[in-house]
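User: I have a protein model open and want to get my bearings. Can you walk me through some of its helices and loops?

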Amino acid sequence: MSDLPIDDLIFVGGAPRTGTTILHALICTSQNTNDYIAECSYLTNMLMPYFFGLESWDIHTKHFFSSHDEFFRYHSNIISHIVKKIHQQLGGPARLTLKDPIMTRFFHHVAQMLPQARFVVIFRDPRDTILSRLNVTRRLQNGVDPSTADLESACYEYNISYSGIIAHPHIMNHRMVVLNYNDIARDKWLPALERFGLYGINPDKTWSSEKTQISEYRSDPWSTNLYGAPPSSLSVNRHESDLDRKTADYIMEQCGWVGKAFGFQ
C-alpha cells in the first residue's frame, strides 16, 4: 500500500445532527477526492481501545506497554494501516475524505496519529442540534416523547464532541477549519474551504456519485427529508418555532460555551 501525501487526508466532523453529512457530500464533489460514502464508523471503533487504554493507563494499561510512546506508536500503526486499506479500497483517490461525527471527540488523538490529516469541523446552534437529536430519539422510540434524561444525554453528546479539539488548540492549530451550519446558504462555506486548500467543490453535483445510495437511508430514523437534497437553510433557527423557551434556555446553559470557543455568537 502506498503512503498518502501529507495534505491528502481529510476528516469531516462535528456533533451528531450538525450537518456533517451535507458538508461531507459537498467536499466529495471535488474532482480529486473520493465519492461520497457512508460514515467510517469502523475506523472510529478502532480508536476506542487507544482511548480507553489511555484513560486507564495508571490502573491497567501501563502493565502491558513499556511506555506511553510505545502504546501510542502501536495504535498509530494500526490506524495508519486501516486508513491505507480504505484508501486502496476506494481506488486510491488523490484526496481521501472520510466522515463520522462520533469520531470528532477523538480528532485531537487522530491528529497526532496521522500527521498528514486535516479536519473540517462543523458547528451548529446547539438549540437546533439538540432539537434534531431529540426528534431522532422520538422516532427511535416509536413516537414517545424524549425524557429529561434524553435531553441531558443529548447535551452531553454535543459537548463531548467538541471538548477535545477545543481543549487542544496546539494540536489542531492550522490543521482544522470550523464552519457554521447557519452559513449553509450564504456562500461562505466554499471560500472558507478553498482557503483551506479544498478546491473544485461543485454544489450542483452533490449526491450525484455512483456510491451515493440515498434510497437505502430513507427509512432510517436518523434520516430527514433534507438527505439527498441540495444544501438548504430550511433547518436554520428551527428551534425558534419548535422548541419551548425553557428547554432552549437549558440547552444554551449547557452547550452555549462551544460556539463562544469557536468565535461564533
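Analyst: Below we go through a few helices, then some single residues. Keep in mind that this is a predicted model.

User: Let's start with α2. What are the expected span and the distance between its end C-alpha atoms?
Analyst: Helix α2 covers residues 41-55, which is 15 residues. At 1.5 Å a residue, α2 should span 21 Å. The end C-alpha atoms of α2 are 21 Å apart, so the two values agree.

User: Where does α2 bend?
Analyst: At Leu47, by about 25 degrees. A proline, Pro49, follows within four residues.

User: Which residues of α2 are buried?
Analyst: They are Leu43, Thr44, Leu47, Tyr50, Phe51 and Gly53. Notice Leu47 in that list; the bend of α2 is at Leu47 too.

User: Take α3. At what angle does α2 pack with α3?
Analyst: The angle is about 175 degrees, and the two axes are 10 Å apart. Angles over 145 degrees count as roughly antiparallel, so α2 is roughly antiparallel to α3.

User: Which residues make that contact?
Analyst: From α2, they are Tyr42, Leu43, Met46, Leu47, Pro49, Tyr50, Gly53 and Leu54. From α3, they are His68, Phe71, Phe72, His75, Ile78, Ile79, Ile82 and Val83.

User: How many of them are nonpolar, polar or charged?
Analyst: The contact of α2 with α3 has 13 nonpolar residues, three polar and no charged.

User: What does Pro49 touch, beyond its neighbours in sequence?
Analyst: Leaving aside neighbours within four places, Pro49 is in contact with Phe71 and His75. The C-alpha atoms of Pro49 and His75 are separated by 8.5 Å. Along the chain, Pro49 and His75 are 26 residues apart.

User: You mentioned α4. Which residues does His109 touch?
Analyst: His109 is in helix α4. Not counting residues up to four places away in sequence, His109 touches Tyr50, Phe51 and Leu54. Of these, Tyr50 and Phe51 are among the buried residues of α2.

User: Is His109 buried or exposed?
Analyst: Buried, since His109 has 10% relative accessibility. Another pair to find is His109 and Met172. They are 63 residues apart along the chain, with C-alpha atoms separated by 9.7 Å.

User: New topic: α5. Which residues of α5 are buried?
Analyst: Among them are Pro126, Ile130, Leu131, Leu134 and Val136. Asp128 and Arg133 are buried as well. The buried residues of α5 pack against β3 (117-123), α6, α9 and α10 (245-262).

User: What happens just after α5?
Analyst: Asn142 takes a positive phi of about 55 degrees there. Asn142 is not a glycine. Asn142 sits in the loop between α5 (126-140) and α6 (148-167). At 74% relative accessibility, Asn142 counts as exposed.

User: What about Asn173, what is its phi?
Analyst: Positive, about 45 degrees, and Asn173 is not a glycine either. Asn173 lies in the loop between α7 (169-172) and β4 (176-180). Its relative accessibility is 53%, so Asn173 counts as exposed.

User: Now α10. Where does α10 bend?
Analyst: At Cys255, by about 55 degrees. Helix α10 has 18 residues and reaches 24 Å from its first C-alpha to its last. That is close to the 26 Å expected at 1.5 Å a residue.

User: What covers the buried residues of α10?
Analyst: The cover includes β3, α5, α6 and β4. Cys255 is one of the buried residues of α10.

User: Last one: where is Thr206?
Analyst: Thr206 lies in the loop between α8 (189-195) and α9 (239-242). Thr206 is buried, with a relative accessible area of 9%. Not counting residues up to four places away in sequence, Thr206 touches Ile22, Ala25, Leu26, Thr29 and Pro231. Look at Leu23 as well: Thr206 and Leu23 are 183 residues apart in sequence, yet 9.7 Å apart in space, C-alpha to C-alpha.

Conventions
Residues numbered from 1 in each chain as written. Predicted model: local features only at pLDDT ≥ 70, side-chain atom pairs only at ≥ 80, totals over all residues. Heavy atoms only, no water. Helix = DSSP H or I, 4+ residues; strand = E, 2+ residues; numbered from the N terminus. Expected span 1.5 Å × (residues − 1). Bend = angle between axes of the 7 residues up to and from the residue. Buried < 20%, exposed > 50% of the residue type's maximum accessible area, 1.4 Å probe, protein only. Axes fitted to C-alpha atoms, helices over the stretch in contact; angles between N-to-C directions. Parallel < 35°, antiparallel > 145°, perpendicular 65-115°, else oblique. Contact = heavy atoms within 4.5 Å. Nonpolar A, V, L, I, M, F, W, Y, C, P; charged D, E, K, R; others polar.
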